[in-house]
Amino acid sequence: MRAISFEEPSVAGRGRRMLELQVRGGGAPPQSHWELKWRRLLTADRAVPRDFEDFDRTVRGMLNRISRENAFRILPLDPGLLAEAPAWFHARLAALMLNSYLQVIHTSRHARGLAVRSGDNVLPGYLDAVSPLLSSSPPLVTALTAWLARLLRWHDLCWPCARLLLLAAREGRGRDSLPGHSLGRLPADLIQGRLLSFLLPPRAPAIQGLVDEAVAPNLQLGGSEGRDVVALLAHFIMFSPLAVWPRVSAFGFALVEAVLLNLDSCQEREVYTAASVLATLAQRVEAGLGAAGSPEFARLCREDVRLIRRLADRLRESRGDEESGSAQGVPAVSSFVSCRVEAALEKTSRVHAKALRSMEPLAA
């Protein structure tokens with residue numbers, strides 16, 4: 001039987017029939033139209049191109065067409081290509097992805113609520129479709145979290161501690177003359193190279209050149225659009241693939257902790273962010289505790305319960321301080337944000353109770 005060449009079909013069913021004819025003829029499946037596109041973009045030049053028109057057009061075309069059914073055909077999943085992809089590729093791809101998903105939230109108010117699957121919320125389906133790419137490309141996950149950290153102004157939360165450490169690293173006096181508890185006694189390379197990396201959110205230097213570009217207008221956000229970014233992060237936490245859950249959950253927990261440790265200097269938007277992210281983390285962990293098909297994910301969720309409880313206790317104590325009129329509590333917030341905090345505390349209590357019930361058979 002004569003092998004039939006395969007091109008990008010306009011109808012998915014016709015494309016599958018052509019591919020079946022090719023395989024039945026004894027030939028290897030040919031490279032798809034999209035695979036050739038990605039290979040041409042990634043092997044042409046590793047340096048930052050002067051013109052991103054071809055790259056942006058390809059990525060936007062992929063984002064407009066992708067679904068769970070065709071994801072493996074149009075995503076750039078070749079391990080060799082992804083391993084050799086330059087930093088600008090991941091940074092720009094992440095920017096275009098976030099811009100597209102924020103546009104979904106702008107045009108669908110259902111996606112701004114709790115991250116749940118429903119007929120009115122199409123964002124979970126989009127995230128499911130790109131799950132193979134997220135699982136196979138750690139640099140892309142790094143770029144996505146770096147963009148989210150910038151949009152959520154995480155660096156502003158970390159600045160007081162970071163400033164203290166930077167001043168300690170520049171201490172000019174001799175170490176022996178400093179008190180034993182002084183940070184200045186620590187080596188400067190230890191402070192700047194290791195301690196700061198645990199306090200600051202992930203950075204992707206390649207995204208700095210894209211900040212002022214019009215490539216992703218939805219990423220040039222003001223204060224009123226911050227809740228859309230929080231909603232996007234909540235969906236990212238709730239529907240990220242299991243392979244990247246340790247990194248995504250660590251990002252969420254660190255963000256919540258950064259807010260709760262600086263409540264006296266936070267504004268209402270930070271309280272809303274912490275409550276929303278904590279509620280989503282609890283929701284995902286609660287679902288994972290009963291994940292019989294993934295014992296490793298269930299184990300990770302059981303380990304996260306203690307951290308969820310600690311963060312919830314901190315948030316609950318802050319609300320108690322607020323009710324008693326203490327200046328150390330959360331800032332004055334609207335009823336809407338207060339309800340979001342209550343929802344977060346309710347979800348954390350529920351996941352803790354479920355964890356205790358799951359431990360009872362083991363104790364018996």
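Select Phe336 to begin: in this predicted model, Phe336 has a relative accessibility of 42%, so Phe336 counts as partly exposed.

Tyr272 and Phe336 form a stacked aromatic pair, with 5.8 Å from centre to centre and 25° between the planes. Tyr272 belongs to helix H14 (residues 268–289) and Phe336 to helix H16 (residues 335–363), so the pair ties together parts 64 residues apart in sequence. Now show Arg227, whose charged end sits over the ring of Tyr272, 5.1 Å from its centre.

Aromatic pairs number eight in the model. For another, select Trp245 and Phe297: the ring centres are 5.8 Å apart and the planes stand at 85°, so this pair is edge-to-face. Trp245 lies in helix H13 (residues 245–260) and Phe297 in helix H15 (residues 295–323), so parts that are 52 residues apart in sequence are tied together. Both Trp245 and Phe297 are buried.

Next, select Trp38, Phe52, Phe55, Trp88 and Phe89, which ring pairs link into a cluster. Arg92 has its charged end over the ring of Phe52, 3.8 Å from the ring centre.

Last, the cavities. To display its lining, select Met97, Leu98, Tyr101, Leu127, Val130, Leu134, Leu144, Leu148, Leu232 and Phe236. Helices H6 (87–107), H9 (138–151) and H12 (226–239) each supply at least two of the lining residues, and H6 gives the most, with three. Coloured by class, the lining shows ten nonpolar residues, no polar and no charged ones.

Note on methods
Residues are numbered from 1 along each chain as its sequence is written. This is a predicted model: local features need pLDDT of at least 70, side-chain atom pairs count only at pLDDT 80 or more; totals for chains, interfaces and linings use all residues. Side-chain values use heavy atoms; hydrogens and water are left out. On a 1 Å grid over the protein atoms alone, a cavity is a set of points where a 1.4 Å probe fits but cannot get out, and a pocket is an open set with protein on both sides within 12 Å along at least five of seven lines; lining residues have an atom within 4 Å of a point. Helices (H or I, at least four residues) and strands (E, at least two) are DSSP runs, numbered from the N terminus. Ala, Val, Leu, Ile, Met, Phe, Trp, Tyr, Cys and Pro count as nonpolar, Asp, Glu, Lys and Arg as charged, and the others, Gly among them, as polar. Rings of Phe, Tyr and Trp (its six-membered ring) pair if their centres lie within 6.5 Å; planes under 30 degrees apart count as stacked, over 60 as edge-to-face and the rest as tilted. Buried means under 20% relative accessible area, exposed over 50%, partly exposed in between (1.4 Å probe, protein chains only). A charge sits over a ring if NZ of Lys or CZ of Arg is within 6 Å of the ring centre and within 35 degrees of the ring normal.
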